[in-house]
Amino acid sequence: LGSYNRDLKTGKMDCSETCKLNFGISEGQQFNYEDLLRSIVPEHRDMVYQKVQKAITTRTPYHSEYLIRWPDGSLHWINASGLPKYDADGKATHLIGVVADITKRKNYESQKDDFLGIASHELKTPITGLKGTIQLLERFKDKAGHDMIPRLIDQSAVNLKKIVSLVDDLLNMHRISEGQLYLEKSTFKASKILASSCHNIISQGTHQVYMTGDLDAPICADEQRLEQVLVNFVNNAVKYAPDSKEINIVVKQLKNQVIVTVSDQGEGIDPAVQPFIFDRYYRANHDGKSYSGLGLGLYISSEIIKKHGGQIGVKSTIGQGSSFWFSIPNPTA
Ligand code: ADP
């Protein structure tokens, strides 16, 4: 929090060093009210000026949030408060107050707004589909044997599955942020979750799934949650590598841990964005191609693995594919 004391007559400001730093001004440099106004982006400048003037004339505290441009050109959000001071004749002489850099909070808010927009849009697509198929089904209500009915039921089931999976992601994200991700551990063979997580993809028949390595390796973990991580890896391999028809899953049992790797031969991930893909809401650009999703799957997966005391990661080369892996420590390790 930076503090300032502005002389209303001369425009001179006594600023703390933090106050100057909040405006990108280095120690010892001059910083007056004129400089402050100049740093505010044109769209917000008049609003700030008017609020300050109003506080002085109405003898009320001043408060505002505005965007500034630092001398190095970067944009920052400021939260400012102030209180006018008066002399014995009731004339305003000074405005004293505090300023804080709230850029992080503002960016987070805008990320959240973007996320809400994406989430609503993602939900709207399958809901519209479901609405359409149910309207059609209504038309066939009295024609029990009509050959359209099985197809419409299948379409409804696909859309419903998408809605359930989106809502599950949202609920999981909420649980994680509330610290309510609990594990129910048991010991099972790796092959068990491999089979259940690939069941859908295998039955679709669009991709070949090869499972190799120490398939009988015992894993002590929350079976359902770990399956969720694998389903996410496998679904992403299908989604982001539609032209590569092979998915390889390898289980490696080491002394202290079991490592499971899911590899595709898709477009790969730019090394510059790889460190971010496990972040909440993060979605990479794919050269103009648009894929549906909330940017939550890998974030949820990494929280599940961390909760198990394991590690998660990716190795990827552009044009050659991606290998997502996780490790689970052995209970005795
Ligand atoms: P979502 O798929 O909903 O966007 P995820 O958290 O599962 O969210 O993935 C985050 C991002 O990581 C994706 O938007 C995508 O850009 C990238 N990604 C994930 N898996 C792959 C993959 N197998 N190949 C290429 N990119 C991937």
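How many Å separate an oxygen atom of the ligand from a polar backbone atom of Gly297? I looked it up, and the gap comes out at 3.3 Å. A reminder to myself: this is a predicted model.

**Entry 1: backbone atoms by the ligand**

I went on to Gly295, where a polar backbone atom is 3.0 Å from an oxygen atom of the ligand. Then I checked Ala284: one of its backbone N or O atoms lies 3.2 Å from a ligand oxygen. Next I asked how much of the ligand the protein buries. On its own the ligand exposes 540 Å², and the protein buries 98% of that.

**Entry 2: the shell**

I counted up who sits around the ligand and got 19 residues. Those that come nearest are Tyr240, Asp264, Arg283, His286 and Leu298. By class, the shell splits into nine nonpolar, seven polar and three charged residues.

Which helix gives the most to this shell? I found that helix 7 does, with four residues. Helix 7 covers 223–240, and it is listed with helix 8 (297–307) and strand 12 (321–329) as supplying at least two shell residues each.

**Entry 3: helix 7 against helix 8**

I noted the crossing of helix 7 past helix 8 as left-handed.

For the contact itself, I wrote down the helix 7 side as Arg225, Leu226, Gln228, Val229, Asn232, Phe233 and Asn236. Facing them in helix 8 are Gly297, Leu298, Ile300, Ser301, Ile304 and Ile305. Sorted by class, this contact has seven nonpolar, five polar and one charged residues.

**Entry 4: two backbone angles**

Last, I looked at phi. Most residues other than glycine have a negative value. Arg59 has a positive one, near 60°, and I placed this residue in the loop between helix 3 (42–58) and strand 3 (62–69). Tyr281 also has a positive phi, near 70°. I found Tyr281 in the loop that runs between strand 10 (257–263) and helix 8.

Key. Residues numbered from 1 in each chain as written. Predicted model: local features only at pLDDT ≥ 70, side-chain atom pairs only at ≥ 80, totals over all residues. Heavy atoms only, no water. Near = heavy atom within 4 Å. Polar contact = N/O pair within 3.5 Å; in protein donor to acceptor, adjacent residues only side chain to side chain. Areas by Shrake-Rupley, 256 points an atom, 1.4 Å probe, with all protein chains shown as cover. Nonpolar A, V, L, I, M, F, W, Y, C, P; charged D, E, K, R; others polar. Left-handed = near helix turned anticlockwise from the far one by under 90°. Contact = heavy atoms within 4.5 Å.
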